[in-house]
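Reader: Hey, I've got this protein open and I'm a bit lost. Can you walk me through it?

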Amino acid sequence: MARPATKPKPTKSLEQTLWEAADKLRGNQEPSEYKHVVLGLVFLKYISDRFEERRQMLEAELTSDGIKAERLASFLEDRDEYTSHNVFWVPELARWGYVQSVAKLPNVGQQIDQAMDLIEKENPSIRGVLPRNYGRDGLDKRRLGELVDLIGSIGFTSSDDHGADDVLGRVYEYFLGQFAGKETGKDAGAFYTPRWVVKLLVEMLEPYKGRVYDPAAGSGGMFVQSAEFVKAHGGKRTDISVYGQEYTDTTWKLAKMNLALRGIEADLGTHSADSFGEDLHPDLRADFVIANPPFNVSDWWDPKLADDPRWKFGIPPQSNANFAWVQHFIYHLSPKGTAGFVLANGALSSRATAEADVRERLVKEDLVDCIVSLPDRLFFNTAIPVSLWFVSKGRHGNGYRARSGEVLFIDARSLGHMETRRLRALSDEDISRIARTYHAWRSVDPEESYADVEGFARVATIEEIAANGYVLTPSRYVGSSHLGVDPNAPESIAARAGLALEAQGLLRKFDAARLEAEAALNLLSEPLEIEDWEEVRVGDVARVVGGGTPPSRDDANFGGGIPWITPKDLTVHQGRYIREGARSLSEGGLAVSSAKLLPKDAVLVSSRAPIGLVAIAAQPLATNQGIRSLVFDDTQDPVFWYYLLRQSTATLDAHANGSTFREISGGSIANLVFAVPPLAEQRRIAETLSRIDGLIEHNLELNDVLGRLSMRGSHYAVRRSE
């Protein structure tokens, strides 16, 4: 440990790792080209990982059934054993282990093309969908091989926790955001919707059963979330029928891949097509339409559309397709159907004659059910705020309460939190609040009664909307939650005073931590005595404990009092000590898994990608398979080992192996050898470094309180506009 004060490198997320992989490949490739090269390889890695996972499970099942080793091979190559479990059959020359073994060869591109061909031949549902031309001359084969190696380091099995079930969709979403600044003439709003907006649409629509349609399908995220909604509420994916259309051919292919990965059967037509010029489902009448069409498209018009039967409420302006989309949605609704979709806020109040006329007709025809204003910066590459529209046929009682003649307005612009400096996200609580409000107003027998909330939600009559010129901006109807706040009211003063008092206390603690850190800096400036340091094998001073995951199909295994840590939790964790993760286990869940209850001060190390994240258990807890934990004996200081391992990421990664996904085993960790000082010196070094981290942790806590105090003060200075 020559440099104990070395600052750890920031941990990269899955998306960032793949983005760097794409940039490594790019060279002089156009973004529109290399985007699909990378995502094709991600798809290949994903299905290969799932195949290998099923293969390992099958081998374990056969062995437990007493099948002899010499007969295993024939059973393991039985195609039906995979397809019957909704796993793609991957021929031997298309498996990731083989592809990675030829990554350094000059013909790696041709080998990948061959793999794509073999997979399509064996799996008709994706025939004609997978990307090709990896062997073309313009693609740098050295960089392509490096890309294969990088993607090979990321696991996509069920025990690899990257924080989302929709891994490919999440990667795609991130890539579109990153590519948007590089691809000219493209608006990412036309291709994807952030997952929190999709979830909000689905939670409000509640597509339990029936036909679901998205004529601007993008990568298929709306369908994925709808299917997950049905599953989460006890239904089957077959309870909904999925129909869609996508204009861009490469995006249409990605949607086909995305849905095929999840076993969702969808009719996206036989090819990509423009929903206005070539409606692939002209006779479809859907129970639910859910969509995020491209915003404010200006070049959509074709003269042959002039007499189109879809324009029942007025011919849309040729300069903007917003109300062409709205009428397309309504045209495809069943007599009791409901549509939920995203539009740019300009559609709420546009004074352009054609748009204003169509909007007025929609209100008069009693189709507009609910309008939700959302905050800005919800999209990766456009900061403009958007709104959700819900239009419904038969509002005199289409399975819900009769609500003819009224419209629910929700102003949710104050919700959400900044995930980064540029991107805002809606939390599950935000989504639940909006959806509950809609359901309380719409339902015949709601779980909770509806009531207007000043500044957030209000019901307006059609007569009131007409008096406002048929403008549908929610803030015009709900009022402002800030206007009635008195900054000198006792509760306002008490709230500010409480935060100020908390901040003053934290400032005092910060000052003390700063003095401690200054003393530590002086100590770190001095030479270290290393003569009495000795080489120690990890397994000789610590137990290496693996983790486990109980069966996810049994909800009783989760939600108990045992914190359960995954690599994703370590990715977002700040500080030395970790107390809890995103999920927890019950006693029963712990008992039926291979996870162990770890003692306080166990040192946790992520053993799968990303390898080498480290934290200390602040209390007894458990982990999943992606973490190996070290329980040291009383000759060692666990805090010292935390710092030692935190700067040993390269060493840990160098001992990882695996062709499907890279992992460092418990045995490999146990065999690592480090030079360490005696216990007293370990404690001195650990205490010194802890003073530095203590200052960082105090600063984070102080910033949070000061930020909340600043926001409370801004409520009295800022007035909201439409």
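Author: Let's begin with an open sheet of nine strands, in a predicted model. The strand order is E3-E2-E1-E4-E5-E7-E6-E8-E11, and the pairing is mixed.

Reader: Which strands stand at the edges of that one?

Author: Those are strand E3 (266-267) and strand E11 (457-461). Each has a single partner strand, so one side of each is left without a neighbour in the sheet.

Reader: And how do E6 and E7 pair?

Author: Strand E6 (residues 368-373) and strand E7 (residues 386-392) pair in the antiparallel sense, over five bridges.

Reader: Where do the side chains go in a strand?

Author: In a regular strand they alternate between the two faces of the sheet.

Reader: OK, I also see a sheet with E14 in it. What's the strand order there?

Author: That open sheet has three strands, in the order E16-E14-E19, with mixed pairing. Strand E16 (583-585) and strand E19 (622-623) are the edge strands, each pairing on one side only.

Reader: How does E14 pair with E16, and how with E19?

Author: Strand E14 (residues 558-565) and E16 pair in the antiparallel sense over four bridges. With E19, E14 pairs in the parallel sense, over two bridges.

Reader: Which residues can I look at there?

Author: On the E16 side, Phe558 stands opposite Leu585, and Trp564 has Arg583 as its bridge partner. Over in E19, the bridge partner of Ile565 is Thr623.

Reader: Switching topic: how many salt bridges does the structure hold?

Author: There are 33 salt bridges in the structure. One of them joins the side chains of Lys45 and Asp49, at 2.7 Å from N to O.

Reader: Where do Lys45 and Asp49 lie?

Author: Both are in helix H2 (residues 31-64), four residues apart, which is about one turn of the helix.

Reader: What about Glu681 and Arg684?

Author: Their side chains meet in a salt bridge, 3.1 Å from N to O. They are separated by about one helical turn because they sit three residues apart in helix H25 (residues 679-714). Glu681 counts as buried at 18% relative accessibility, while Arg684 counts as partly exposed at 34%.

Reader: Wait, why does 18% count as buried?

Author: Buried means under 20% relative accessible area, so Glu681, at 18%, falls in that class.

Reader: Got it. And which parts of the chain does the Glu448 and Arg436 pair link?

Author: Their side chains meet in a salt bridge, 3.2 Å from N to O. The pair links distant parts of the chain: Glu448 lies in the loop between helix H15 (428-442) and E11, and Arg436 in helix H15, 12 residues apart. Glu448 is partly exposed, with a relative accessible area of 40%, and Arg436 is partly exposed, with 40% as well.

Reader: Which residues are linked in a network of salt bridges?

Author: Asp366, Asp369, Arg395 and Arg403 are linked that way.

Reader: Last one: which residues gather in the patch of negative charge?

Author: Look on the surface for Glu529, Glu531, Asp532 and Glu534. Glu529 lies in the loop between helix H18 (490-524) and strand E12 (534-537), and counts as exposed at 54% relative accessibility.

Terms used. Residues numbered from 1 in each chain as written. Predicted model: local features only at pLDDT ≥ 70, side-chain atom pairs only at ≥ 80, totals over all residues. Heavy atoms only, no water. Patch = residues over 30% accessible without salt bridge, like charges linked within 9 Å, V, L, I, M, F, W, Y side chains within 5 Å. Areas by Shrake-Rupley, 256 points an atom, 1.4 Å probe, with all protein chains shown as cover. Salt bridge = Lys/Arg side-chain N within 4 Å of Asp/Glu carboxyl O. Lys, Arg positive; Asp, Glu negative; His and termini not counted. Charge placed at Lys NZ, Arg CZ, Asp CG, Glu CD. Buried < 20%, exposed > 50% of the residue type's maximum accessible area, 1.4 Å probe, protein only. Pairing = 2+ DSSP bridges.
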